[in-house]
Amino acid sequence: MFKECLHHSPDLKWAYAYDCDSFHLRLRTKRDDVEEAVAVTGDKYDWDQHSLDVQMVKIAADSLFDYWEAVIKPEFQRFSYCFRVHSGDEILWLTENGIFEEQPTPVDGYFEVPYIHAIDLFDAPKWAKDAIFYQIIPDRFANGDLNNDPESIKTWGEAPSGEDHFGGDLQGIMDNLNHLTDLGINAIYLTPVFTAPSNHKYDTIDYKHIDPHFGDAELLKKLVSACHELKIRVILDAVFNHTSEQFPPFQDVLKKGEGSKYKDWFHLKGLPVEVKDGMANYATFGFYGNMPKLNTANPEVKQYLLDIAVYWIKEADIDGWRLDVANEIDHAFWHEFRAAVKAAKPDAFIIGEVWGNSLNWLHGDEFDSAMNYPVTDRILNFFSSSEGAASDFADEINRLLMRYPQQTNEALFNLLSSHDTPRAATRLDGNTLRLKLAVVFMLTYMGIPCIYYGDEIGMDGGDDPDCRKCMEWDRDRQDRQLFDFYQLLIKLRKSHPALRDGRFRFLHADNEKKTLIYERLNASEHFTIWINNSEEAVTLTHPMQANDWRDALTNDEAATFEEQLQIELKPLDFRILYRNI
């Protein structure tokens, strides 16, 4: 066996408590190199009387490695362990001290789980794991109150530019909640609503007031209350990395310089503050001089922002925060942010905007979730054509899944489009069949799905600002069949816990046929999803011991031949099968 690939570490993604009674161990081996892996476990205080070998299951593979997992249920909330791997007649043992050809005497040098403490568990709110989110840009969703429109607005539906306002507001959202309930939405993510000069409001002037072009605090409270009556949660967007240059403390620095009591609220590199040849002498978001970066390590800034986070939870009963540019703010701030928010509302949901690997923020003491753009890219790249290898897609998804513990994967914020990316319909070249395959994958995958406003009716759009077009309300210009498709898949996901909390595993990835089969499985339900990403009809078979499989959307029986499921798929087609266990 290839010893160099044999790896385990007693840290977050390799060894973690899933709940108070279950602990997950993961092991990495060279791909197709190991036939059997066993977790050898026992109590360090009495190994002879309290030891158990637990067979590991191969849960994922990528281009280089296989990943194995065992679920341990320790009798006394603690245990020590090592691993035994087999390939033919060869046996190796992996302990914390290294790799051996014979078992080291327990428990010297073994890995150890000292005790499972409930307070240390990663614990995202249950309601969030059951949610179907819908992202709304207030200025672009619906204009419900003409009296609060900006002085100069463009006609609804015209092509947007970066500075355009269209008059959308909170009342417009209130007036169209039936659209969301019809779709099956039970959570809304609103992009910023606080006073700001831009249409997107990511340049805050006043965190304590709703932008007057959107409404006021009373209207926000009415909106949240109306949503709660419909069993819809509401989270707001917190832009705590930077502000507008019109933010009063920054204006004070501009006017008073060294004499300003706010000069330490920002990262100043010189005085007077200025933008020269396009470069500011103070830290900013990107290179935008009109968005000065806040010094969140400053105690006054920290307390100011923590007070804002708690204020809107108490004032409007919001259900959490999405955190803009979250990875550019110090971890110490987010630790205190979480403590303050959870003290105000224990089941508040905290989502961080992190575009890459988010594990450093998902230890259970900062965020509950992160925007899962890496999965977005893999989904849209694969389904955009029939050129990609199915095995490469499976490998890439598996590699992303292995970045995180299972309960973290269950809470990641999955999306096909957002205000910062081209819309899925555009990335898939307007091909509705391909779009449907992407939707199927997102709504049957691990994590929390989020639908960007208008995606459900086929809206397209390129890079910002084209991806921020006005919502299309003319039903004759909406793709109502696509809406019905989203509605059907959302209903299926909400009706079956296995599609929300079940384990995920690829069963088949055929490069020649361009086909995939994967499963979602919990203690009571088993789903298999069959996808044909080719332009040709195919017949797929896969071994299945049970013969009681049914189509999850039609309830028709699935064809079983000699313990093989056989499925006929049209070009760019799919089937979702399920059985009760």
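Predicted model: local features only at pLDDT ≥ 70, side-chain atom pairs only at ≥ 80, totals over all residues.
1. Contact, as the word is used in this note, means heavy atoms within 4.5 Å.

2. Overall dimensions. The chain has 581 residues and a radius of gyration of 26 Å, which agrees with the value near 25 Å that a compact globule would have. Along the principal axes, the C-alpha atoms fill a box of roughly 80 × 55 × 45 Å.

3. Secondary structure and contacts. The chain comprises 15 helices and 30 strands. When contacts between residues at least 6 apart in sequence are considered, 68% of them join residues at least 24 apart.

4. Burial and surface. Of the 581 residues, 58% count as buried. The chain exposes about 24200 Å², and carbon and sulfur atoms supply 46% of that area.

5. Charges. The chain carries 59 positive and 97 negative charges.

6. Aromatic pairs. The structure holds 54 aromatic pairs. One of them is formed by Trp47 and Tyr110, with an edge-to-face arrangement: the distance is 5.5 Å centre to centre, and the angle between the planes is 90 degrees. Trp47 lies in the loop between β3 (36-42) and β4 (51-55), while Tyr110 lies in the loop between β9 (98-100) and β10 (111-113), so the pair ties together parts that are 63 residues apart in sequence. Both Trp47 and Tyr110 are buried.

7. Leu268. This residue is found in the loop between α6 (248-256) and β16 (275-276). Its relative accessibility is 26%, and Leu268 therefore counts as partly exposed, since buried means under 20% and exposed over 50%. Leaving aside residues up to four places away in sequence, Leu268 touches Val253, Lys263, Val273, Asn281 and Tyr282. The C-alpha atom of Leu268 is separated by 36 Å from that of Asp169, and these two residues are 99 residues apart along the chain.

8. Leu569. This residue lies in strand β29 (residues 564-569). With a relative accessibility of 2%, Leu569 counts as buried. Residues up to four places away in sequence again being left out, Leu569 touches Trp530, Ile531, Asn532, Ala537, Val538, Leu540, Phe574 and Arg575. Asn533 is 36 residues from Leu569 along the chain, and the C-alpha atoms of Asn533 and Leu569 are separated by 9.9 Å.

9. The two leucines together. Leu268, in a loop, is partly exposed, whereas Leu569, in a strand, is buried.

Conventions. Residues numbered from 1 in each chain as written. Heavy atoms only, no water. Helix = DSSP H or I, 4+ residues; strand = E, 2+ residues; numbered from the N terminus. Rg over C-alpha atoms; globule rule 2.2 N^0.38 Å. Buried < 20%, exposed > 50% of the residue type's maximum accessible area, 1.4 Å probe, protein only. Areas by Shrake-Rupley, 256 points an atom, 1.4 Å probe, with all protein chains shown as cover. Lys, Arg positive; Asp, Glu negative; His and termini not counted. Charge placed at Lys NZ, Arg CZ, Asp CG, Glu CD. Phe/Tyr/Trp six-rings, centres within 6.5 Å; stacked < 30°, edge-to-face > 60°.
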